[in-house]
Amino acid sequence: MENDEDNFHLNIRDRDFELGVSEIDNIINGIEESSCIVFVVTQQFIESGWRQFELNVTLRGLLDEPQSHRFILIFLEPMKKDRLPKHLRTLKHNVECLYWPQSRLKQIVFWARFKVKILGA
């Protein structure tokens, strides 16, 4: 997606975090500089302290400036409601959510929908 005409730029930890800058500051800077924030939710995401920190920083920013970012949750795997932290269950009802399909054909449709959502159309 980064190579197409829409000028997307993904902030990827292993590639984009600045050396010598703390992980916390890199996370906050990436979120503050983004116009669209996407979280890919998996069971591993839910169990990760860093991912929860990123989500909490993002939520704080959404409360401070609700119109400054578009926010998308992508669920890669089915998750039972009771397995989601309360703040994620609440957020799920207030932001765009996409669900990764298993079917190859539906995955093509997924990427088209994702692009529309990320552009804010």
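**Figure 1. Cysteines in a model without disulfides.** A search of the whole structure, which is a predicted model, finds zero disulfides. A disulfide is a covalent bond between the sulfur atoms of two cysteines. Two cysteines are shown in this view.

**Figure 2. Overview of the chain.** The protein has six helices and three strands. Starting at the N terminus, the elements follow one another as α-α-β-α-α-β-α-β-α. The protein has 121 residues, and 35% of them count as buried. Among the contacts in the protein with a separation of 6 or more, 62% come from residues 24 or more positions apart.

**Figure 3. The three-stranded sheet.** The three strands form an open sheet with the order S1-S2-S3 and parallel pairing. Strand S1 (36–41) and strand S3 (96–99) are the edge strands, and each of them pairs on one side only. On average, neighbouring strands of this sheet are turned by 20 degrees against each other, direction ignored. Strands of a sheet pair through backbone hydrogen bonds, either parallel or antiparallel.

**Figure 4. Pairing of S1 with S2.** S1 and S2 run parallel and are joined by six bridges. Cys36 has Arg70 in S2 as its bridge partner. Strand S2 covers residues 70–75. Five of the six residues of S2 are buried, which leaves the strand mostly covered.

**Figure 5. Pairing of S2 with S3.** S2 and S3 pair in the parallel sense over four bridges. Leu73 stands opposite Cys97 in S3. Phe75 has Tyr99 in S3 as its bridge partner. In a regular strand the side chains alternate between the two faces of the sheet.

**Figure 6. Helix H6 against the sheet.** Helix H6 (residues 104–119) packs on the sheet and touches S1, S2 and S3. The direction of H6 makes about 160 degrees with that of S2. The buried residues of H6 pack against S1, S2 and S3.

**Figure 7. The length of H6.** H6 has 16 residues, and at 1.5 Å a residue it should span 22 Å. The expected span is 1.5 Å times one less than the number of residues. H6 is followed by Gly120, and the phi of Gly120 is positive, near 80 degrees.

Figure 8. Which residues of H6 are buried? They are Gln107, Phe110, Phe114 and Ile118. These residues lie on the same side of H6 because they cover an arc of only 60 degrees around the axis. The face of H6 turned away from this buried side carries Leu105 and Ile108, which are exposed.

Definitions and conventions. Residues are numbered from 1 along each chain as its sequence is written. This is a predicted model: local features need pLDDT of at least 70, side-chain atom pairs count only at pLDDT 80 or more; totals for chains, interfaces and linings use all residues. Side-chain values use heavy atoms; hydrogens and water are left out. Two strands pair if DSSP finds at least two bridges between them. Helices (H or I, at least four residues) and strands (E, at least two) are DSSP runs, numbered from the N terminus. Axes are lines fitted to C-alpha atoms, for helices over the stretch in contact, and angles run from 0 to 180 degrees between N-to-C directions. Contact means heavy atoms within 4.5 Å. A disulfide is a pair of cysteine sulfur atoms within 2.5 Å. Buried means under 20% relative accessible area, exposed over 50%, partly exposed in between (1.4 Å probe, protein chains only). The arc is that of the directions from the helix axis to the C-beta atoms.
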